[in-house]
Amino acid sequence: LPPQLAGAGWTEGPVSQFDYDNLFVKINGREGYYKSFGFEMLYFLSILSAADAQTAVDIELYDLGNAANALGAYSGERSEDVAPEVGESGLMHFDRNALYLTRGRFYLRAIGSAESPVVRAQLEHVKARFEAELPGEPLPWGYALFVGRLGMEAGTISYESENAFSFGFARNVYSATLDGGGELFVTPAGTEAGAAALVEQFKKGFRRYGTDEGGFIKDRYLGAYATVVAAGPWVVGILRA
């Protein structure tokens, strides 16, 4: 945790930490969610107002192994109507009495005891300290592509490390929801030959629910279309269009 997390008029309590084996002690009932995103360690700290001991900001810093996992956990807890702020090293947003932020492999949840100007000021201070001190890294390639290059909203991006679209072979897949319906996805295959083989796996999977129609595969139940192509060592596709 960065030093000096307590702003003026606030004091820091002791730091505690929880690993894979005892995470349930702190967040029983939610540990499975974070473990599904590569959980390694949780660091916890309460910051108390000197003027009112009932006013506090609780800091939860999750080490999730890599930036993709941190962004995945963050996106899964973010309300759909919240537009995150995109930075060079992660995403963040303020809620009524809380701050949510990713930076590299870390996911920060800072939750205030009340919605008030003093709590918001402390949350702003926490944000500044983490952004100044916590090691950052560039956003994963999926965000750089969809947000940076294609100009899509960060809130539409999702990441699956495995079993994307319920296909056991589909790993390391980034996807983005399109206006008007449909989902664009991309995944690396490593080589052009690998991409060609993976394209055929996707097509075979899509054909389990549909039939070929003019270069697309039409879902017999939804009436929607899917297709997938190789682009060098990459596989690019669309489904539910």
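Modeller: In the second largest pocket, the strand β13 contributes the most to the lining, namely 3 residues. This is a predicted model, in which local features need pLDDT of at least 70 and side-chain atom pairs pLDDT 80 or more, while totals for chains, interfaces and linings use all residues. Residues are numbered from 1 along each chain as its sequence is written, and side-chain values use heavy atoms, without hydrogens and water.

At least two lining residues come from each of α6 (192-207), β13 and β14 (DSSP runs numbered from the N terminus: helices H or I of at least four residues, strands E of at least two). The space in the second largest pocket amounts to about 260 Å³ (the volume filled by probe spheres set on grid points joined across faces, edges and corners). Its lining comprises 16 residues, of which Phe-206, Tyr-209, Asp-219, Leu-239 and Arg-240 are the closest to the centre. A pocket here is an open set of points on a 1 Å grid over the protein atoms alone, where a 1.4 Å probe fits, with protein on both sides within 12 Å along at least five of seven lines; lining residues have an atom within 4 Å of a point. By class, the lining of the second largest pocket divides into 10 nonpolar, 3 polar and 3 charged residues (charged: Asp, Glu, Lys, Arg; nonpolar: Ala, Val, Leu, Ile, Met, Phe, Trp, Tyr, Cys, Pro; polar: the others, Gly among them).

Tyr-209, one of the residues closest to the pocket centre, also belongs to a nonpolar surface patch with Tyr-221 and Leu-222, and together the three have about 390 Å² of accessible area. Leu-222 counts as exposed because its relative accessibility is 61% (exposed is over 50%, buried under 20%, partly exposed in between, with a 1.4 Å probe and protein chains only).

For comparison, the largest pocket holds about 450 Å³ of space. Of its 22 lining residues, Ile-157, Ser-158, Tyr-159, Glu-160 and Ser-175 lie closest to the centre. Two or more lining residues come from each of α3 (67-77), β9 (157-160) and β10 (173-177). The lining of the largest pocket has 6 nonpolar, 11 polar and 5 charged residues.

As for the setting, the chain has 6 helices and 15 strands, and 43% of its 241 residues count as buried. The C-alpha trace spans about 70 × 35 × 30 Å along its principal axes.

Note on methods: Patches are made of residues with over 30% relative accessible area and no salt bridge: like charges are joined within 9 Å, nonpolar side chains (Val, Leu, Ile, Met, Phe, Trp, Tyr) within 5 Å. Accessible areas come from the Shrake-Rupley method with a 1.4 Å probe; for residues, only the protein chains shown count as cover. A salt bridge is a side-chain nitrogen of Lys or Arg within 4 Å of a carboxyl oxygen of Asp or Glu.
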